[in-house]
Amino acid sequence: MDEKIPTTKPVFPSGLYGITADKFSRGRSNIEVARQMIAGGIDIIQYREKRPHMSFGEMLEECRTLRRMTREAGVLFIINDYPALAQLVDADGVHVGQDDFPVPEVRKLIGPNKLIGLSTHGPEQAAAAVDAGADYIGVGPIYSTQTKDDVCAPVGLGYLDYIIQRSPLPFVAIGGIKEHNLSEVLAHGATTVCLVTEIVGADDIAATVRRLKAAIS
């Protein structure tokens, strides 16, 4: 029997936003990492893998499994960069960067009932995200990070303050956030926070997620 496809756009939640990162996962598969994230109570999982590291066929099979797991657990499932992949597996949304397909074009591909997230690094980009029709924005990198090869310089907590005071969109604080500086980000008012290597590289991913969620709560 076919799974029921949602007819309304999902709500972007507060909480803990996790991202797959195969090269930082200490030999564990994305499926195993996601399973432990879900066991710990993660709120959002973004699938972020790239060619040529993985073929589209490999990504499709992983995402089909992850979609099934996240749907059963009630976890929001976002795919980075690839609208077609999101459509094929019926993900909850797509996240794009400033140099990826523009938000209005992504909307044409994925329709009205999926979320579109857009990475932003300053006030002008945040304002443009609203005009373009993004559903939520990434705010960062807050601190220096080596998770992505093409990352820009840290935007700092000042930009986070600006977003909290001025932006109408939900947002996720991201970039260089670790357990030791999470309290600083939360003190500035962030309610949805992304940690990457701190989660996927943890000895016990589920326990780490539980600990981080307790801090956010």
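The buried residues of helix 1 (residues 30-40) are N30, I31, V33, A34, Q36, M37 and G40. Here, buried means under 20% relative accessible area, exposed means over 50%, and partly exposed is what falls in between, with a 1.4 Å probe and protein chains only. Helices (H or I, at least four residues) and strands (E, at least two) are DSSP runs, numbered from the N terminus. An α-helix has 3.6 residues a turn, so residues three or four places apart point the same way. The cover over the buried residues of helix 1 includes strand 1 (15-19), strand 2 (44-47), helix 2 (56-73), helix 8 (197-200) and helix 9 (205-216). Just past the end of helix 1, G41 takes a positive phi of about 100°.

A word on the model itself: it is predicted, so local features need pLDDT of at least 70 and side-chain atom pairs count only at pLDDT 80 or more, while totals for chains, interfaces and linings use all residues. Residues are numbered from 1 along each chain as its sequence is written, and side-chain values use heavy atoms, with hydrogens and water left out.

Now for the overall picture. The protein has nine helices and eight strands. Its radius of gyration is 16 Å, close to the 17 Å that the globule rule gives for 217 residues, so the protein is as compact as a globular protein of that length. That radius is taken over C-alpha atoms, and the globule rule is 2.2 Å times the number of residues to the power 0.38. Along the principal axes, the C-alpha trace spans about 50 × 40 × 30 Å. Of the 217 residues, 52% are buried. Among contacts (heavy atoms within 4.5 Å) between residues at least 6 apart in sequence, 60% join residues at least 24 apart.

As for the surface, the protein exposes about 10200 Å², and carbon and sulfur atoms supply 53% of that area. Accessible areas come from the Shrake-Rupley method with a 1.4 Å probe, and for residues only the protein chains shown count as cover. The mean positions of the 22 positive and 27 negative charges are 3 Å apart. Lys and Arg count as positive and Asp and Glu as negative, leaving out His and the chain ends; each charge is placed at NZ of Lys, CZ of Arg, CG of Asp or CD of Glu.

Strand 5 (residues 115-120) is mostly covered, with six of its six residues buried. Both of its faces are covered: L115, G117 and S119 sit on one side, I116, L118 and T120 on the other, and all are buried. Strand 5 has parallel partners in strand 4 (residues 93-96), through four bridges, and in strand 6, again through four bridges. Two strands are taken to pair if DSSP finds at least two bridges between them. G117 shows up in both pairings: it is the bridge partner of H95, and it stands opposite Y136 in strand 6. Strand 6 (residues 136-139) has Y136 and G138 pointing one way and I137 and V139 the other, and all are buried.

T120, also in strand 5, is buried, with a relative accessible area of 0%. Leaving aside residues up to four places away in sequence, T120 touches Q98, Q125, A126, A129, I137, G138, V139, G140 and Y159. One of these contacts, G140, is joined to P141 by a cis peptide bond, with omega about 0°. P141 is found in the loop between strand 6 and helix 6 (156-166).

Another loop residue worth a look is I177, in the stretch between strand 7 (171-173) and helix 7 (182-187). I177 is buried, with a relative accessible area of 3%. Not counting residues up to four places away in sequence, I177 touches I142, Y143, L182, V185, V193, C194 and L195. I177 and I142 are 35 residues apart in sequence and 7.2 Å apart in space, C-alpha to C-alpha.

Most residues other than glycine have a negative phi, and most peptide bonds are trans. R26, in the loop between strand 1 and helix 1, has a positive phi near 60°; R26 is exposed, with a relative accessible area of 52%. D90 has a positive phi near 60° too, and its place is in the loop between helix 3 (83-89) and strand 4. D90 is buried, though, with a relative accessible area of 14%.
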